[in-house]
Amino acid sequence: MTINVRPARTAAEEAIAAALEASITAEAGQGRIPEVRRAARDAFLSHGLPSRRVEEWKYTDLRAAVRDFPNCAPAPGAMEEAEAAPLVPSLPNAGRILFVNGVLSRAGSDFAALSEGVTALPLDAAIAAGDPLADRINALSPSRYDGPLALNTGFLGEGVALRVDAGVKAARPVHIAHAFPGVEAVAGFTRTVVVVGAGAEVTLVETFAGRDGVAYQSNHAVELVVGDGAIVNLVRIQEEGDAAFHFGTLMLELGREAKLNLFALAQGAALARYNVYGRFEGTGAHAGIRGATLARGRQHSDTTLVIDHAVAGGESRELFKTVLADESHGVFQGKIVVRRAAQKTDGRMMSQSLLLSDRAEMDNKPELEIFADDVQCGHGATAGALDRSMLFYLRSRGLPEKEAEMLLIQAFLGEAVEYVEDADLRDLLIERISGWLEKRAV
Amino acid sequence: MLEIRNLHARIGENEILKGLDLTIPDGEVHAIMGPNGSGKSTLSYVLSGKPDYEVTDGSVSFDGADLLALDADARAAAGVFLAFQYPIEIPGVANMTFLRAAMNAQRKARGEEEISTPDFLKLVRAKAPDLGISQDMLRRGVNVGFSGGEKKRNEILQMALLEPKLCILDETDSGLDIDALKVVAHGVNALRSPKRSMLVITHYQRLLDHIVPDVVHVMHKGRIVRSGGKELALELEESGYAAYAQDAA
């Protein structure tokens, strides 16, 4: 028996519903976009913000956590763009697309200067031009209701559409940078659609940063199609301001023998959730999905994966490392689905966490749903404190306590970071992690 | 150099050191022998500042300073080095990174300049080959995948780089075959100097054929019960610890 009783809407839900309505009324978009947005709005109106009563949100209760809803920001001016600059990690070799407060900064983006064979269009321009990329919008959305993603779709308008032509090995990474520099809280929604042609290869970097102390809401979804035999390296660096809400979604489709190598670093926001929906659509594809989460104070950081092996011979490797200090709360949920046709699937998932305080909390929820009979799937989770004998060994050689701890934490995270193949990006990740650790050690 | 007076220490409720007295003058090598459970390793841990041990009475003076008032890292910077009986494996921290971090941490604590990369590399290249430490062992995680002998040699390399004033060798011979023992002993002997003292803890006389001590102490039930010259080790090899064990019963 299912009783579907919607509790009364919270103030935040009322505000979101009103803002959605206003946004769609003001400018619904072109082509099929208004319909897509209205459907998302309707879904939000009937489901609202997910609470802990919803299985996937048991550990991250948005209904309780999200108390209000700020306005969406107008297009950035010169001042906002100047303030955004220090929030964008420097990647000298990359072509950059910049969003400030969730709105595309045309001045800060290098649409014309990307690698040969790589095309980027502002999302609205792609829609207006009837570019085939626009047809991909919302094509990979999961059937099950996902609150933050519904809002991302409901507010759809800002974003970028990227195409890597078949066979092209992009010479330079594409850096999609998000900055929230304002003193006033805003809500920002962007949608990125990426189609990587057969046999192509590209490196994408997403970065997120914002002003501390401002309760802005940062919500970004990526739809990524990796064509047959294509290779995508995706590095994500989430360093939102310490009062922010961060919602990230990756919807991924892997073609035959396609390969994704993802690394997600999460060390910002008061509350963050990164949701990955990966689907193996072609045989023999490989997904390496790894990450590091660092949290302190009362930060809450959630990574949730749903990996769907729909066809045979797919291989997935998930490794997530979490370091929790103070009263922070980490969540890892990983679900691997192996459908009846997906024989010879090989999936391995591991979540390891290091608790630096006895008030920190880690929740791990691995799930395997296997319908095929000839598969190898495994999962594991560990949680523990820093090894005391290692700490003493280091200290007996003269390393002060904090330095010894840092070395051990870096080593712990290093086991995941080492999967990032690009040396510059690996160095950047190590630098960001060290920065976090040094701040903590003060 | 080292002066231990009436040292009492326990781990949990279990008192292990029960009024230990020991003095090691500058430049001398002292050996401590004794049956299992006599408190030899505990002494090494208490001297190097392992947090699990609680000193309940007594004093330890190191070059005139109160050693027990210092944290483990400060003791290391002051010149105390413990070669572990079971060196710890630290995956993910490259041996080189570790060696350099240790050297620089100690220099920093003493108010000295950090060592430059070329100087550090030069130093390691000068010391590692004599101890049979390969480039691969320097690149790997600290002690990760090292054999028992390699771990002990890596301890001696650290000792050679850090140049401590007091070297405490805890059962450095355990798990070594005779060839490995000779390499380790040679490394230790190369570090003997009038300004450096050593405390060699061992169960067997064998090690003392290669690292010849100035004084041998017998430890039993948490105290030094007998001291003598190097011939005492030979005597113990003959008679064993039975006399002390009977005393215990």
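Tutor: Helices and strands here are DSSP runs, numbered from the N terminus: a helix is H or I over at least four residues, a strand is E over at least two. This is a predicted model, where local features need pLDDT of at least 70 and side-chain atom pairs pLDDT 80 or more, while totals for chains, interfaces and linings use all residues. Residues count from 1 along each chain as its sequence is written, chains are lettered from A and ligands numbered from 1 in the order written, and side-chain values use heavy atoms, without hydrogens or water.

Student: How many helices and strands does chain B have?

Tutor: Chain B comes to ten helices and twelve strands. Its radius of gyration (over C-alpha atoms; the globule rule is 2.2 Å times the number of residues to the power 0.38) is 18 Å, close to the 18 Å that the rule gives for 249 residues, so chain B is as compact as a globular protein of that length. Along the principal axes, its C-alpha atoms fill a box of roughly 55 × 40 × 35 Å.

Student: What share of the residues of chain B counts as buried?

Tutor: Buried means under 20% relative accessible area, exposed over 50%, and partly exposed in between, with a 1.4 Å probe and protein chains only. In chain B, 52% of the 249 residues are buried. Chain B exposes about 10,800 Å² (Shrake-Rupley method, 1.4 Å probe), and carbon and sulfur atoms supply 49% of that.

Student: Which part of the contacts in chain B links residues 24 or more positions apart?

Tutor: A contact is heavy atoms within 4.5 Å. Among contacts in chain B with a separation of 6 or more, residues 24 or more positions apart account for 69%.

Student: Can you show me one residue with its contacts?

Tutor: B:K152 is a lysine, yet at 4% relative accessibility it counts as buried. Setting aside residues up to four places away in sequence, B:K152 touches B:F84, B:Q85, B:P87, B:E171, B:T172, B:S174, B:L176 and B:V184. By contrast, the C-alpha atoms of B:K152 and B:M219, 67 residues apart along the chain, are separated by 24 Å.

Student: Where does B:N104 lie?

Tutor: B:N104 is in helix 3 (residues 95-109) of chain B, and B:N104 is buried at 9% relative accessibility. Beyond its neighbours within four places in sequence, B:N104 is in contact with B:E114 and B:I115. The side chain of B:N104 reaches the backbone nitrogen of B:I115 at 2.8 Å.

Student: How many aromatic pairs are there over all chains?

Tutor: Rings of Phe, Tyr and Trp (its six-membered ring) pair if their centres lie within 6.5 Å; planes under 30 degrees apart are stacked, over 60 edge-to-face, and the rest tilted. That rule gives twelve aromatic pairs over all chains. In one of them, the rings of A:F69 and A:F189 have centres 6.3 Å apart and planes at 35 degrees, so the pair is tilted. A:F69 lies in the loop between helix 3 (62-65) and helix 4 (78-84) of chain A, and A:F189 in strand 6 (residues 187-196) of chain A, so the pair ties together parts 120 residues apart in sequence. Both A:F69 and A:F189 are buried. The rings of A:F245 and A:F247, with centres 6.4 Å apart and planes at 20 degrees, are stacked. A:F245 is buried at 12% relative accessibility, and A:F247 is buried at 6%.

Student: Which residues do ring pairs link into a cluster?

Tutor: A:F392, A:Y393, B:Y45, B:Y53, B:F84 and B:F98. A:F392 and A:Y393 are among the buried residues of helix 7 of chain A. That helix (residues 388-395) is mostly covered, with six of its eight residues buried.

Student: Where does the charged end of A:R397 sit?

Tutor: A charge sits over a ring if NZ of Lys or CZ of Arg is within 6 Å of the ring centre and within 35 degrees of the ring normal. The charged end of A:R397 sits over the ring of A:Y393, 4.9 Å from its centre. Likewise, the charged end of A:R273 is over the ring of A:W57, 3.5 Å from the centre.

Student: What about backbone angles?

Tutor: Most residues other than glycine have a negative phi. A:K344 has a positive phi of about 60 degrees; A:K344 sits in the loop between strand 16 (329-338) and strand 17 (346-355) of chain A and is exposed, at 57% relative accessible area. B:K221 has a positive phi near 50 degrees. B:K221 lies in the loop between strand 11 (215-220) and strand 12 (223-228) of chain B, and B:K221 is partly exposed at 43%.

Key
Polar contact = N/O pair within 3.5 Å; in protein donor to acceptor, adjacent residues only side chain to side chain.
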